[in-house]
Amino acid sequence: MKIKLLTTALTLIGLGISSASVYAENLRFGYASNATPTVQAMKKFAELVEQKSKGDVTVTFFPDSQLGGEREMVELLQAGLLDMTKVSGGLMESFAPVYGVFSMPYLFDSQEHFYNVMDNPKITQPIYESSQGEGILGLTYYDSGARSFYTSDKIIRNVADLKGLKIRVMQSPTSIKMVKMLGGSPIAMGQADVYSSIQQGVLDGAENNEFALTIARHAEVAKHYSYDVHSRVPDIVLISKATMDRLSPDQRKAVQEAAKESTEFQKKAWTQAVNDAKTMSEKQFGVTFYYPDVTEFQAAVQPMYDELKSDPEKYKVYQAIRQQAESK
């Protein structure tokens, strides 16, 4: 990792990106490959922060994993070689354990519930600040969609249908445990290998949002998508604490306002893009969508919530999230 950090530092220097002056800041923003609405939102952030700061804060992007995967980019923030990035909230559990609550299955009742929670600073701000000891801060969130199961052959209409199925999951202990409790056989692997693994029968299916069907073209090898909606893990926009501390009060305000406004932009773009992806999956690829009763699925994973009580910090966040749903 030290060699990679040094190489990256040399790359940045070679590109002519110098330390910011007293008056202006150029924020180095790296990110992995993402769905179009999220990329558009990051670019919107860059436009907004430049406008709000009257040109004092600009952004240079390093897109599509040029600087490594999401974990590597968080580590670059910690090392001071990158100012900002956008990563999955699931990954952040490795840097601040409280983020793990977002990976809990069937946590949110709906997209509306998810937005109500994520837009509530009383819930999210302590989470964003929980990683400051690691040198990183959360700025805002982006919608990364609802994850559901999709398969090549067997249709998932109930928990029994998952028994023995080899399902690709993210490299997340929570995701692995969830699939096991639902009777499946979780296989953690990188997204790049999923298509060929389903095609060759190494996997029976996977779990992801609708963009996996279109952008990753998994719809070519998996024709059954079951909306059990087991998770809504937010993406988190991060900034280096050292960078935030370096900004002037006005620059800091511009960054924070631009980040929040880019979230509102992304939410609208995301909803439309998801609808388009679903239509494309049905009409172009012949995918059939199913809507199982999730009550049985929720009951199967209840022991995970019983175990959560042993972690007071996470359980407190969980209770706040559930109270947000019940207060409607």
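**Reading burial, packing and backbone angles**

Tutor: Start with Thr 151, which is buried, with a relative accessible area of 2%. Keep in mind that the model is predicted.

Student: How do I read "buried" for Thr 151?

Tutor: The cut-off is under 20% relative accessible area. Thr 151 has a value of 2%, so Thr 151 counts as buried.

Student: Where is Thr 151 placed in the fold?

Tutor: Look at strand S5, residues 147-151. Thr 151 sits in that strand.

Student: Which residues does Thr 151 touch, beyond those up to four places away in sequence?

Tutor: Thr 151 touches Ile 156, Leu 165, Asp 204, Gly 205, Ala 222, Lys 223 and His 224.

Student: Which residue has its backbone oxygen 2.5 Å from a polar atom of the Thr 151 side chain?

Tutor: That oxygen belongs to Lys 154.

Student: Now Tyr 128. Is Tyr 128 buried or exposed?

Tutor: Buried, since the relative accessible area of Tyr 128 is 2%. Tyr 128 is found in helix H5, residues 121-129.

Student: What is in contact with Tyr 128, leaving aside neighbours within four places in sequence?

Tutor: The contacts include Tyr 99, Met 118, Ile 136, Tyr 141, Ile 236 and Lys 260. Take Tyr 99 as an example: Tyr 99 and Tyr 128 are 29 residues apart along the chain, and their C-alpha atoms are separated by 8.9 Å.

Student: Which residues of helix H4 are buried?

Tutor: H4 covers residues 111-118, and its buried residues are His 113, Phe 114, Tyr 115, Val 117 and Met 118. They pack against H5, strand S4 (136-142), H10 and helix H13 (312-326).

Student: At what angle do H4 and H13 pack?

Tutor: About 125°, with the axes 9 Å apart. Angles of 65 to 115 degrees count as roughly perpendicular and those over 145 as roughly antiparallel. At this angle, H4 is therefore oblique to H13. The crossing is right-handed.

Student: Which residues of H4 and H13 meet?

Tutor: From H4, His 113, Asn 116 and Val 117. From H13, Ile 321, Arg 322, Gln 324 and Ala 325. By class, this contact has three nonpolar residues, three polar and one charged.

Student: How do the axes of H2 and H10 cross?

Tutor: H2 (residues 36-52) and H10 (residues 249-283) have axes that come within 8 Å and cross at roughly 150°. H2 is therefore roughly antiparallel to H10. The crossing of H2 and H10 is right-handed.

Student: Which residues make the contact of H2 and H10?

Tutor: On H2, they include Pro 37, Ala 41, Phe 45, Leu 48 and Val 49. On H10, among them are Ala 258, Phe 265, Trp 270 and Ala 273.

Student: What is phi for Lys 54?

Tutor: Near 55°, a positive value in a residue other than glycine. Lys 54 is found in the loop between H2 and strand S2 (57-62). Lys 54 counts as exposed because its relative accessibility is 75%.

Student: And what is phi for Val 229?

Tutor: About 50°, again positive, although Val 229 is not a glycine. Val 229 lies in strand S9, residues 224-231. With 23% relative accessibility, Val 229 counts as partly exposed.

Methods:
Residues numbered from 1 in each chain as written. Predicted model: local features only at pLDDT ≥ 70, side-chain atom pairs only at ≥ 80, totals over all residues. Heavy atoms only, no water. Helix = DSSP H or I, 4+ residues; strand = E, 2+ residues; numbered from the N terminus. Buried < 20%, exposed > 50% of the residue type's maximum accessible area, 1.4 Å probe, protein only. Polar contact = N/O pair within 3.5 Å; in protein donor to acceptor, adjacent residues only side chain to side chain. Contact = heavy atoms within 4.5 Å. Axes fitted to C-alpha atoms, helices over the stretch in contact; angles between N-to-C directions. Parallel < 35°, antiparallel > 145°, perpendicular 65-115°, else oblique. Left-handed = near helix turned anticlockwise from the far one by under 90°. Nonpolar A, V, L, I, M, F, W, Y, C, P; charged D, E, K, R; others polar.
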